[in-house]
Amino acid sequence: MLIKIKPQKKKIIDHNLQEFKANLLKLDKDISTNFLPIKEKKYFTVQNIYKYFEKHYKLNSLGNFEKLSRVQVGARNLYEIKQDLLQKKATCIFTELQFNKNIIDTIIRGTNIRKGILDSIGIAIPLHKNSYLIFLLQLSNQYIRCLQTP
């Protein structure tokens, strides 16, 4: 589509696309390698928006707690979530930047379960030609930080 709009820039567009594809392939291999030590670690997320990323890298997600994103979560829900985390031997529960972290702190208090933060939109990444690659690397590092053995 871009070439149709700017046919005079075809060479540059083709070059940029090939460069992007090569960089993406390399990054994909690097992320796969970096995930090897954490592949078996179990975790939950607050939302179900990472399923394609998790499936692609064959991560060990136990599911998500969509009910935590509701305005009001009762003590019974928090207790059930904590029991689920403990019974399924989760290493980490991932939240997001906009989510109330105090709820997660309450749930994991008194356990060895860690809290991680996933930035699903790359809020702090400046917009340029490598932004998507930086986003993928940042997201993978967020998983690794929480799931690796301290």
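Me: Contact means heavy atoms within 4.5 Å. What does Phe35 touch?

Reply: Leaving out residues up to four places away in sequence, Phe35 touches Phe53, Tyr57, Leu59, Ser140, Tyr143 and Ile144. This is a predicted model, in which local features need pLDDT of at least 70, side-chain atom pairs count only at pLDDT 80 or more, and totals for chains, interfaces and linings use all residues. Residues are numbered from 1 along each chain as its sequence is written, and side-chain values use heavy atoms, without hydrogens and water.

Me: Why are H2 and H6 called roughly parallel?

Reply: Their axes, lines fitted to C-alpha atoms over the stretch in contact, come within 10 Å and cross at roughly 5°. Angles run from 0 to 180 degrees between N-to-C directions, and those under 35 degrees count as roughly parallel. H2 and H6 are therefore roughly parallel to each other.

Me: Which residues make the contact?

Reply: Phe20, Asn23, Leu24, Leu27, Ile31, Asn34 and Phe35 of H2 meet Tyr132, Leu133, Leu136, Leu137, Ser140, Tyr143 and Ile144 of H6. They divide into 11 nonpolar, three polar and no charged.

Me: Which residues of H5 are buried, and why are they said to line one face of the helix?

Reply: Buried means under 20% relative accessible area, with a 1.4 Å probe and protein chains only. In helix H5 (residues 101–108) the buried residues are Ile103, Ile104, Ile107 and Ile108. The arc is taken from the directions from the helix axis to the C-beta atoms. Down the axis of H5, the buried residues fall within an arc of 120°, so they line one face. They pack against helix H4 (75–87), E3 and strand E4 (114–118).

Technical notes: Helix = DSSP H or I, 4+ residues; strand = E, 2+ residues; numbered from the N terminus. Parallel < 35°, antiparallel > 145°, perpendicular 65-115°, else oblique. Nonpolar A, V, L, I, M, F, W, Y, C, P; charged D, E, K, R; others polar. Buried < 20%, exposed > 50% of the residue type's maximum accessible area, 1.4 Å probe, protein only.
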